[in-house]
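Take a look at the model below. We will walk from the surface to the core and on to the ligand.

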Amino acid sequence: MKIKSADFVMSNSDVAKCPNEPIPEYAFIGRSNVGKSSLINMLTERKSLAKTSGRPGKTQLINHFKINDNWFLVDLPGYGYARVSKRDKKTFQKYITNYFLQREQLACSFILVDIRHDPQPIDLEFMQWMGENAIPFAIIFTKADKLKPKAIEREVQNYLTTLTTDMWEEAPQHFVTSSSHRTGREELLAFIDDINEK
Ligand code: GTP
Ligand code: MG
């Protein structure tokens, strides 16, 4: 799929105030610093459409970007960021869970995990919660440029084995990406295109 346009639409912390056009939407979620905003920039080939930072906690709101005038990419804040206060964490959780539970045009979500890390409880719990609420998602392994091909294969297999041993009979669909090397771009866009066409 060719990205002809990618435009920032709005930021907010209330799902009820998100754009109300009934077009398919794809959200990116995962731990702070995992590379959600960078991946949105890589997919859209826009260097700083979504704001990125080396410091975790950069994205703070629900950010809508309209692509090719007929679907949305959504950048979300990360979870698992240690430096926010307990109260902020609660508020955050509430508006993010409301977003996932109430956003009707959400076609698929992507849960990003750093390919270098073993499965983390916070990610597994979030995947479990998505499953329990029947919210469709795929997994994206990020920062693949940090590992050699053999190690990538090993880490992915290890992760999927954890999911099929402890949680589900079948692992969710997964993608391997690197925003700096543009790895996985065509596969992800083809996946989105397929759903858009349905
Ligand atoms: P929050 O908004 O804080 O939740 O973070 P985020 O998940 O949006 O991460 P962001 O895209 O801001 O990237 C965090 C850091 O990881 C930045 O320093 C990026 O340059 C780096 N990064 C993101 N993707 C990649 C990648 O594919 N490879 C490498 N090597 N670094 C990456
Ligand atoms: Mg971000």
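Is Glu-197 buried or exposed? Glu-197 is exposed, because 7 other C-beta atoms lie within 10 Å. The cut-offs: buried means 20 or more other C-beta atoms within 10 Å of the residue's own, exposed means 12 or fewer, and partly exposed is in between, with C-beta atoms placed from the backbone.

This is a predicted model, in which local features need pLDDT of at least 70, side-chain atom pairs count only at pLDDT 80 or more, and totals for chains, interfaces and linings use all residues. Residues are numbered from 1 along each chain as its sequence is written, while chains are lettered from A and ligands numbered from 1 in the order in which they are written.

Glu-197 sits in helix α5 (residues 185–197). Helices (H or I, at least four residues) and strands (E, at least two) are DSSP runs, numbered from the N terminus. Ala-16 lies in the loop between β1 (6–12) and β2 (25–30). Ala-16 is exposed too, with 9 other C-beta atoms within 10 Å.

Now go inside. The largest nonpolar core has 36 residues. Such a core is a set of buried Ala, Val, Leu, Ile, Met, Phe, Trp, Tyr and Cys residues joined through C-beta atoms within 7 Å. Phe-28, Ile-40, Val-74 and Leu-112 touch the most other members. Strand β5 (residues 106–114) supplies the largest share of this core, five residues.

Finally, the ligand. Around ligand 1 stand 23 residues, and Gly-35, Ser-38, Thr-52, Thr-59 and Gly-78 are the closest. A residue counts here if its C-beta atom, placed from the backbone, lies within 6 Å. Helix α1 (residues 36–44) gives the most to this shell, three residues.
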